[in-house]
Amino acid sequence: MPTKRCSTYLAKGGTGKSTSTAHIGAALVEQDHDVLLLDLAGKQDDLATIFGIHDSVQADVANDDAYPNIATTMEEDWSQLVDILGGPEAALDELVYETSEGVDLIPAHESLDTMDADLGNVDNAQERYSRLRRFLDKTVEPTDRYDVVLLDLPGAPNNLTYNGIWATRDVLTPVLPGELEVKQARGLRDDLVMIREEYDIDARLAMLILNQYQRGRNLSKRKHQELEEEFGDLLAPEWVVSSEQVAQATEEGHTLFAIDEDELTSTGADAKAAFSENAKALYERLR
């Protein structure tokens, strides 16, 4: 079967895009899927930090060993470089970092900013936005390594973002229980309709996750009800409860799935269970 693909995106920072990508990826691994994550979200290198390999990645960057990298895959001559490296398997080996949680990661790189600008100089829109799709089709797919590829996109609509949406077509969107976030989820849904109509790319919202839900707060309850009424089956089966243990775990360099059950707090256990259920549902929804 072709590798299932999904981009995590909302045009706003701080909604838990990287945290959700990491936890959904770890949940899918626990469910016996082979998972590759791509971090296009920029210099913060959040996914490498969450999986505890940030220092290793930065050491490679400092030693000029981070070539090729995620930005290189969108260069015009990428296919020629693949041939020089010895084919898709060898090229992917140069890009991928393994993590202790079984998730493979192609981390962010500082040259993504330059790549975004370079893509802006490509006149043809189809070519400008298809570079990453070419990489997945011609380099990742032929290796048959992965069941699922998840992309963590920038929190702004730029050339990298559109490359991610073109490459995956399916979009995962975590939102906080606030008016601005719900408004932006509506905007994203409308943007995907525009992409389908203008560019003939079958992009769609695959799942909306209500993140950092606060029990007992009327605002969280109202927004949950509002999202259910407006987005229906697009809403994830479980909201993710607000838990300090999520932030603590990612700061320590792992997800909740790396913590023993007896060490989880009640909210940590609930958040982990929600990510697991949402990962199962997402896998079924992806094309």
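## A charge over a ring

In this predicted model, Arg128 lies over the face of Tyr129, at 4.7 Å from the ring centre. A charge is said to sit over a ring if NZ of Lys or CZ of Arg is within 6 Å of the ring centre and within 35 degrees of the ring normal. The charged end of Lys4 also sits over a ring, that of Tyr283, 4.0 Å from its centre.

## Basis of the report

The model is predicted, and local features need pLDDT of at least 70, side-chain atom pairs count only at pLDDT 80 or more, and totals for chains, interfaces and linings use all residues. Residues are numbered from 1 along each chain as its sequence is written, and side-chain values use heavy atoms, with hydrogens and water left out.

## Aromatic pairs

The whole structure contains seven aromatic pairs. Rings of Phe, Tyr and Trp (its six-membered ring) pair if their centres lie within 6.5 Å; planes under 30 degrees apart count as stacked, over 60 as edge-to-face and the rest as tilted. Tyr129 and Tyr162 form a tilted pair, 5.4 Å centre to centre with 55° between the planes. This pair links distant parts of the chain, 33 residues apart: Tyr129 is in the loop between helix H7 (125-128) and H8, and Tyr162 is in helix H9.

Tyr129 is buried, with a relative accessible area of 9%. Tyr129 also forms an edge-to-face pair with Tyr199, at 6.2 Å centre to centre and 85° between the planes. At 23% relative accessibility, Tyr199 counts as partly exposed. Here buried means under 20% relative accessible area, exposed over 50%, and partly exposed in between (1.4 Å probe, protein chains only). Ring pairs link Tyr129, Tyr162, Trp166 and Tyr199 into a cluster.

## The largest pocket

About 400 Å³ of space lies in the largest pocket. On a 1 Å grid over the protein atoms alone, a pocket is an open set of points with protein on both sides within 12 Å along at least five of seven lines, and lining residues have an atom within 4 Å of a point. The volume is the space filled by probe spheres set on the points. Of the 25 lining residues, Thr15, Gly16, Lys17, Ser18 and Thr19 are the closest to the centre of the largest pocket.

Helix H1 (17-30) and helix H12 (244-252) each supply at least two residues of this lining. By class, the lining has eight nonpolar, 13 polar and four charged residues. Ala, Val, Leu, Ile, Met, Phe, Trp, Tyr, Cys and Pro count as nonpolar, Asp, Glu, Lys and Arg as charged, and the others as polar.

## The second largest pocket

The second largest pocket holds about 200 Å³ of space. Of its 14 lining residues, the closest to the centre are Pro2, Thr3, Arg5, Arg169 and Arg287. H9 gives the most to this lining, with three residues. The lining divides into four nonpolar, two polar and eight charged residues.

## The chain as a whole

The chain has 13 helices and seven strands, which are DSSP runs (helices H or I, at least four residues; strands E, at least two) numbered from the N terminus. Buried residues make up 54% of the 287 residues.

How values were computed. 1 Å grid on protein atoms, 1.4 Å probe; cavity = no way out; pocket = protein on both sides within 12 Å on 5 of 7 lines; lining within 4 Å.
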